[in-house]
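Please look over the sequence and the structure shown here. A short briefing follows, grouped by topic.

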Amino acid sequence: MDYFTTDLTSLHEKLVNKDLSVEELTKETFKTIKDRDQQIAAFLALNEEAALKQAKELDQNGIDPANVLAGIPIAIKDNIVTKGLRTTAASKMLENFDPIYDATVMEKLAAAQMINVGKVNMDEFAMGGSTESSAFKVTKNAWDQTKVPGGSSGGSAAAVASGQVLAALGSDTGGSIRQPAAYNGIVGVKPTYGRVSRYGLIAFASSLDQIGPLTRTVKDNAYVLNAISGHDSRDFTSSDREVPDFTQGLDGDIKGMKIAVPKEYFGEGVAKDVKEAIKKAIKTFESLGATVDEVSLPHSKYGVPVYYIIASSEASSNLQRFDGIRYGFRAQDVKNLEDVYVRSRSEGFGDEVKRRIMLGTFSLSAGTYDAFFKKAAQVRTLICQDFAQVFSDYDLILGPTAPTTAYGIGDEINDPITMYMNDILTIPVNLAGLPGMSLPAGFSNGLPIGMQLIAPQFREDTMYKAGYAFEQATDFHKQVPTIGGQN
Amino acid sequence: MAISANEVKHVASLAKLEFSDAKLQKFTGQMDQIINMVQQLSEVDTTDVPVTTTVTDAFNVMREDIAVKGTDRELLMENVPERKDGFIKVPAIIDESEEG
């Protein structure tokens, strides 16, 4: 199956016209995965038997011409629980964990008749930006296999970018969908906080986590977000607002759209090649009839420290449940119950997870709570207010997704601070609960550069509309990496 | 030094984690760097600024108090590491190596 030259709509047409059966498509997809993933190492588990069974049933019942997603394979990040299918969050802690229920997004994908082909790699418990903290394997960037795929949804991004699937689900707590999408030259969307149910997403930081789609094109992305959005009584932070059809309004017409470019997003940490690509993108938007102004988000430089306190504090609380008793890893040869807790956690968690649990526990502990957690939660308010101020005058905020293109495997894993600073452009979006999109906006030395679009809460439609217009005016999304000597 | 090895050890005990001495040294250095980084927040004036702990507009979501069937017991036990006679097996709570 050549996913490099197809999109959801064209594939759907083939399935409806019976040029291709769902079973053939599914078989071809597994063939491609088994071939290309030897190089990319994105998948942790394949769902072959169940996928083929579902494919045959769909062929028997016929494809609904009105459902673009019917019979389309999708890959799932391994922190989204899948009933009966091994779900590890890329941690030794959950190495043998087989969930007894499906996440709400899995129920929704099943209702949309999408086919889950397997679980993809990530940073352990979604903590990291390179997928290198996975306990199981090192996933490679689709464009250069000596580079990281980004993270934490690195497996999702690399699987899509290497043409193994057309779509994947990821999760984004501080940039974990957008940054790997940028590093791999694809489209990644973190929806508004509350747009998509978090029920069945293994929790990292509950006030920041959101599930979202990674795809090759803007329109494909909108189709998948349509399917997974909506209120869920099992996640009371999910919104009961009506979900619009995000594929509507993709007409390339953005005349009069008001776009703000924060000057802080072009700071000294942002590489020259990235700045140049985004400046060119701004020119493209202007040529399409949008107005672009420079604005200021004065507190954005505090995003990284605020995030690491808040996310780590929430993580230290969420990860208390891993105690070796009811499920997950249990240490052997323990003397007493306390020993089960301490040894299971110490042996089951990797270093990055431990660092965050430690920072979170420290931030919440007596004597430091006011100076750390409370202070961070107050500065978070100021970051939210910065955005509200800009959005009172503008439709959209535009900037780079990540300060650089993908870096080398092994380059940063020993330096937490450098790694944390990579998130400076994506983190504020999570802190304010806004929707954000990364889409291809250029290349430097053969590596993709991502542009980030940020919209007001629940205005994903604006983001998709602008993203689509930009995509139609450029050809970055049409370029594909060389995998196994082919492209 | 914003944080000492002893403080890190104390935080580890709160978090139910333990580290070898070499790891503790490495972690202390990294924690120290991270704490220095986050301390730049002290330069922000937050007098009378309220905290933000959630960004949802939902507040106290209620549901009807209707009894529903719970999850099957056997199913719930599926991922238990050690079990016996339908219970979760754990080591003795009292340290067996201690006199008592």
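**Chain B at a glance**

Along the sequence, chain B runs in the order α-α-α-β-β. That gives chain B 3 helices and 2 strands. Helices (H or I, at least four residues) and strands (E, at least two) are DSSP runs, numbered from the N terminus.

The model is predicted: local features need pLDDT of at least 70, side-chain atom pairs count only at pLDDT 80 or more, and totals for chains, interfaces and linings use all residues. Residues are numbered from 1 along each chain as its sequence is written, chains are lettered from A and ligands numbered from 1 in the order in which they are written, and side-chain values use heavy atoms, with hydrogens and water left out.

**Extent and surface of chain B**

- The radius of gyration of chain B is 23 Å, whereas a compact globule of 100 residues would have one near 13 Å. This radius is taken over C-alpha atoms, and the globule rule is 2.2 Å times the number of residues to the power 0.38.
- The C-alpha trace of chain B spans about 55 × 50 × 25 Å along its principal axes.
- Of the 100 residues in chain B, 29% are buried. Buried means under 20% relative accessible area, exposed over 50%, and partly exposed in between (1.4 Å probe, protein chains only).
- Chain B exposes about 7400 Å², and carbon and sulfur atoms supply 51% of that area. Accessible areas come from the Shrake-Rupley method with a 1.4 Å probe.
- Take the contacts in chain B between residues at least 6 apart in sequence: 37% of them join residues at least 24 apart. Contact means heavy atoms within 4.5 Å.

**The largest pocket**

- The largest pocket has a volume of about 630 Å³. A pocket is an open set of points on a 1 Å grid over the protein atoms alone, where a 1.4 Å probe fits, with protein on both sides within 12 Å along at least five of seven lines.
- Its lining has 26 residues, and V81(A), F97(A), Y101(A), R321(A) and Y327(A) lie nearest the centre. Lining residues have an atom within 4 Å of a point.
- The lining divides into 16 nonpolar, 3 polar and 7 charged residues.

- L169(A) sits in strand 4 (residues 167-172) of chain A. L169(A) counts as buried because its relative accessibility is 0%.
- A205(A) is 36 residues from L169(A) along the chain, and their C-alpha atoms are separated by 18 Å.
- T368(A) is in the loop between helix 11 (351-364) and helix 12 (370-391) of chain A. Its relative accessible area is 13%, so T368(A) is buried.
- Beyond its neighbours within four places in sequence, T368(A) contacts F362(A), S363(A) and F373(A).

How values were computed
Points joined across faces, edges and corners; volume = space filled by probe spheres on them. Nonpolar A, V, L, I, M, F, W, Y, C, P; charged D, E, K, R; others polar.
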